[in-house]
Amino acid sequence: MSAPIVAVLAIYLGFALLELWRTGLLAKPGQTRDDGIVEAASTVMLLGVTQPAIVALSAILASAVAPQWQGALAGLHLVPAVLLFLVLDDMTQYWWHRASHSFAWLYNLHRAHHNARYMSVRLVYRNNVFYYMMMPGLWFSGVLLYLGLGWVYAGYLVVKMAVIIGAHCDIAWDRPLYRIGWLSPVMWVVERTISTPATHHAHHGRHASDPAVHYKGNYGNLLFLWDVIFGTARITRTYPRSYGVENLPPAGAAQQLLWPLAPEPRAQDAAAPAGAEDAAAG
């Protein structure tokens with residue numbers, strides 16, 4: 001097992017143990033049996049099948065199109081190499097995420113991530129299995145690995161996952177820092193640069209009437225800066241009163257994981273499109 005994977009697992013385990021100690025990792029308010037099924041299945045599918053397959057297929061396709069470019073960027077300076085990942089992976093993920101809250105059919109692939117009535121590290125990889133298969137950033141990252149930037153991706157991935165895991169954790173690491181007066185200028189920069197619990201929890205909030213909720217924005221994953229640049233940021237330093245999706249009928253585990261192979265029950269067919277535009281809710 002490579003060092004970056006070990007590091008990401010250690011970060012995840014650290015936040016998970018914190019939740020286990022403070023808020024009950026496996027006993028969240030409002031959770032259902034389906035929540036555990038969706039989280040386990042989507043996590044195993046992404047890490048065990050989808051991501052390795054995309055890396056392999058990216059290399060196969062790239063070698064067929066441009067075999068002479070294999071390893072061509074291996075000597076690239078660290079700064080432009082990191083910038084390539086920030087633009088081709090993180091920025092494209094921002095736009096993919098934003099599109100998923102703008103188009104009903106894409107939201108059906110992303111709804112699983114928001115269906116939970118709680119925040120937790122358990123949500124980090126929770127999505128429809130087809131959502132990640134289609135994510136442009138994963139394919140671009142695979143191509144960058146083919147071009148010889150695996151050494152950069154190793155560190156980039158650790159930093160990105162540390163931010164994302166921390167932003168989903170229901171133990172908000174930023175909350176006590178906002179209370180320290182002399183840290184205010186630092187936190188002003190931090191919350192406009194990376195995703196924090198306050199900004200990302202706002203995206204998972206359930207009710208648009210809640211001043212702390214902003215589910216039609218705050219789409220950033222590693223960099224919240226994309227929201228600032230593209231006009232979708234809202235910063236309140238507060239946290240939603242509740243989490244989940246608003247204005248949509250319930251969805252079972254099969255629909256969350258396998259839509260469109262497992263479509264909505266017939267009784268929901270008429271209601272889902274009406275709710276999807278708003279409720280690309282959650």
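A salt bridge is taken here as a side-chain nitrogen of Lys or Arg within 4 Å of a carboxyl oxygen of Asp or Glu. By this rule the count comes to 10 salt bridges. The structure is a predicted model, in which local features need pLDDT of at least 70, side-chain atom pairs count only at pLDDT 80 or more, and totals for chains, interfaces and linings use all residues. Residues are numbered from 1 along each chain as its sequence is written, and side-chain values use heavy atoms, with hydrogens and water left out.

Side chains of opposite charge can pair when their charged atoms come close. Helices (H or I, at least four residues) and strands (E, at least two) are DSSP runs, numbered from the N terminus. Burial is expressed by relative accessible area: buried means under 20%, exposed over 50%, and partly exposed in between (1.4 Å probe, protein chains only). Aspartate 170 counts as partly exposed, because its relative accessibility is 23%, whereas lysine 28 is buried at 4%.

A salt bridge also joins the side chains of arginine 237 and glutamate 191 (3.0 Å, N to O). Arginine 237 lies in the loop between helix H11 (225-230) and helix H12 (253-258) and glutamate 191 in helix H9 (residues 184-193), so this pair ties together parts 46 residues apart in sequence. Glutamate 191 is buried, with a relative accessibility of 2%, while arginine 237, at 26%, is partly exposed. In the salt bridge between aspartate 210 and arginine 241, the closest N and O atoms are 3.7 Å apart. Aspartate 210 lies in the loop between helix H10 (197-204) and H11, and arginine 241 in the loop between H11 and H12, so parts 31 residues apart in sequence are tied together. Aspartate 210 is buried, with a relative accessible area of 5%, and arginine 241 is exposed at 66%. A network of salt bridges links Asp35, Glu39, Arg122 and Arg126.

A nonpolar core is a set of buried Ala, Val, Leu, Ile, Met, Phe, Trp, Tyr and Cys residues joined through side-chain atoms within 4.5 Å. The largest nonpolar core has 24 residues, and Val121 and Met161 have the most contacts inside it. Two or more residues of this core come from each of helix H1 (3-22), helix H2 (33-65), helix H3 (78-100), helix H4 (104-115), helix H5 (129-133) and helix H7 (150-168). H7 gives the most to this core, with four residues. Not counting residues up to four places away in sequence, valine 121 touches Tyr12, Phe15, Ala16, Glu19, Leu25, Ile165, His168 and Cys169, where contact means heavy atoms within 4.5 Å. A second, separate core of 17 residues includes Phe85, Leu144, Tyr153 and Tyr156.

Valine 6 lies in helix H1 and counts as partly exposed, with 42% relative accessibility. The C-alpha atoms of valine 6 and valine 158 are separated by 9.4 Å, although the two are 152 residues apart along the chain.

Grid points are joined across faces, edges and corners, and a volume is the space filled by probe spheres set on the points. The largest pocket has a volume of about 880 Å³. Of the 40 residues that line the largest pocket, Leu47, Gln51, Tyr125, Leu157 and Met161 are the closest to its centre. The largest share of this lining, 10 residues, comes from H7.

The second largest pocket holds about 230 Å³ of space. Its lining has 14 residues, of which Arg111, Asn115, Arg117, Pro250 and Ala251 lie nearest the centre. H2 and H4 each supply at least two residues of this lining.

The structure holds two cavities of 30 Å³ or more. Asn108, Arg111, Ala251, Gln255, Gln256 and Trp259 line the second largest cavity, to which H4 and H12 each give two or more lining residues.

Notes
1 Å grid on protein atoms, 1.4 Å probe; cavity = no way out; pocket = protein on both sides within 12 Å on 5 of 7 lines; lining within 4 Å.
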